[in-house]
Amino acid sequence: MLRLLIGLSLPLAGIAAADVQARTLTARIERVHTAVAQLDGVTVRLSWPEGAGQGDLQLQAARVEAPELGYRYRDLNWRCPLRRDGRGGWACAGELRSGRGPTLRLALDLGVASTDARLSRGDSVLTLRRDAASPDLTRIDLSRVPLAWTQALLAQAWPEGRIKAGTLDGRLDIAAPERGPLRIAGPLRLAGGAFDTPDGSVAAERLGAHLNLDSAIGAGQRFTIDGGLQGGELLFGNAYLALQQRPVELRVEAERGAGESGWRLPQWRWRDGRLLQAEGSAALGADAGLAALDLQLRSEDLAPVRDAYLSGFLALAGLSQLELGGVAQARLRLRDGELQQAQARLGAVRLNDPQGRFRFEGLDGELRYSDADPVDSELSWSGGALYGLEFGPTRLPFSSDHGELRLRRAIGFPMLGGQVGIDGLRLRPPAGGRGLDLRFGLTLDRLDIGRLAKALDGPAFTGELSGRLPQAHYADDRLELDGGLSMQLFGGTVAVSSLAMERPFGVAPTLSSDLALENLDLESLTGVFGFGSITGRLFGRIDRLRLVDWQPVAFDAELHTRKTPGVRQRISQRAVQDLSSVGDSSFVGSLQDRLIGFFDDFGYARIGISCRLAEEVCHMGGLGPAKNNGFLIVQGAGLPHLDVVGYNRRVDWPTLLERLEAVSKGELKPVVQ
């Protein structure tokens, strides 16, 4: 507000020069123009009792506007005792009000060669000095001035910005020549700064800074801010910056031409020690969106960068605890929100997800991207893991042009005692309203299922996994895989098809697929699960399998045996009892129940069971209907003839899992009916 006193001092100077012997003097001025402000409806009234040493001065203005500074006031009222200062000038100090705003104290000294003013509220003080020798220059000193006093000035450059807290100390020189832009320059210190926008996309808390401001405001606008930040938190969209108490060197140049709605940033620089050095140029659109960006980045220690700069982006990807290490530098160029050029150099970079989803060790080399002319690069890693599955080193030769990044040749790396191959990789970054698009082919050759089962804390399976996925396609946070995989397992084959994943590295990843079981050896299978012994060959399907966070939530499964020449079909008494215990079943025999215990195993003709899982309920079925609304699970053969019948067609899935686990540990005791 004190900036406006450049204008207020003019009518007061005229009053002070009048004959003070008059008892009452009133001046009404329709309009006062200054280089900074315009005052309308001004009334100045001086009452000076005859023979008194001072008079009573009252100034009122219906409207005060400084459009270049953004300040507008209504019903301004200032009243004070006017007296001579003993040096040929005048002094007056009293309360200043504007409408219903807070009361301030204004002290004004109108000297022969200078004008001095002091505006204060509590311990917040703003002083002004203006010399007659340089009438276009005004100096303002600030001491613990609320940052909110600059809200109108901020709105000139950033209309959406809202100041919430903070104090300013420093000095500003305001040059207001008759012809030329308004110039504001000087050093400022900020403490406890806080601001935001109505939508919360930009915000700051507890921000400290020491800055040098140089600005020109006229037909166009130009700002240069040079200095440093000292602690605080900043939010720009998804970018959250936690500065803690680190000093950060900062320089920003911004300009906007007459009639332009967007800003250009010809140069900006950010220096945060070894954590991050960044510089470049940018342009902002009318909506403050990023229209252009040229950026150079370097970090000599990636480990603390996560918490300092990346937590917002990583949280969106479900990687808030990602561990980083190594050295990295990058350059990129954006136009109209789309990537044109990018280059990254990595040195011994390490990425580790504590949740065990992935790990990369020893990332080295260069990665380059172009939306125009071809460029080549090569990246390598020394090893890593995917969902706990260790893989070995490889080199990845890339080429890029016309907005696509490609592998120049197929690559392979060791994994689980076999080999994984990747070919045909093609990546397109987000552009034209489309998201990231990634395509590649995948080959698995003789991966050891035993190692796979151990890594996933599963049963001790043995066998090999091989297969070819001609194309995997990742878009819209979904990974779809054409083709299929084949696992040689338990002397038979498990074929996997219709594979798809949602949020593969995000929160609650989802996997869907269909499985076909062909000619599995039941004796080996039941031995692994500790389920008692069943001999024979198993066939079936598990369709529409859906795992969320690697736990099954839906499937439609049907498993059955098929008579195979040369293969005996026998089921042990323990297996019969385990089946009965898990599935709320009962077995009935052709001999008295008390004689069943004398037999170790029984012949069977067929075994069949089905489960359709939905909403944590398993809808059970078997070979066909049985008496009393039951369903047949085991159809006996020979003597003793034994059938196993299920009666509960709706089984709680969590309870079923608990029973299966108890059976595998020998903890569940069956009840024979």
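Just after helix H3, Gly318 adopts a positive phi of about 75°. The model is predicted, and local features need pLDDT of at least 70, side-chain atom pairs count only at pLDDT 80 or more, and totals for chains, interfaces and linings use all residues. Residues are numbered from 1 along each chain as its sequence is written, and side-chain values use heavy atoms, with hydrogens and water left out.

H3 itself covers residues 305-316; helices here are DSSP runs of H or I with at least four residues, strands are E runs of at least two, and both are numbered from the N terminus. Its 12 residues reach 16 Å from the first C-alpha to the last, close to the 16 Å expected at 1.5 Å a residue (1.5 Å times one less than the number of residues).

Buried positions in H3 are Val305, Arg306, Ala308, Tyr309, Gly312 and Leu314 (buried: under 20% relative accessible area, 1.4 Å probe, protein chains only). These buried residues pack against strands E14 (239-256), E15 (263-272), E16 (276-284), E17 (290-299) and E18 (323-335).

Leaving aside residues up to four places away in sequence, Tyr309 touches Tyr240, Leu241, Leu243, Arg246, Trp270, Asp272, Leu275 and Leu276 (contact: heavy atoms within 4.5 Å). Along with Leu234, Trp270 and Ile571, Tyr309 touches the most other members of the largest nonpolar core, a set of 155 residues (buried Ala, Val, Leu, Ile, Met, Phe, Trp, Tyr and Cys joined through side-chain atoms within 4.5 Å).

Among the strands that H3 packs against, E16 and E17 pair antiparallel over 8 bridges (pairing needs at least two DSSP bridges), with Glu279 opposite Gln296 in E17. E17 is also joined to E18 by 8 bridges, again antiparallel, and there Leu297 stands opposite Ala330 in E18.

Terms used
Buried means under 20% relative accessible area, exposed over 50%, partly exposed in between (1.4 Å probe, protein chains only).
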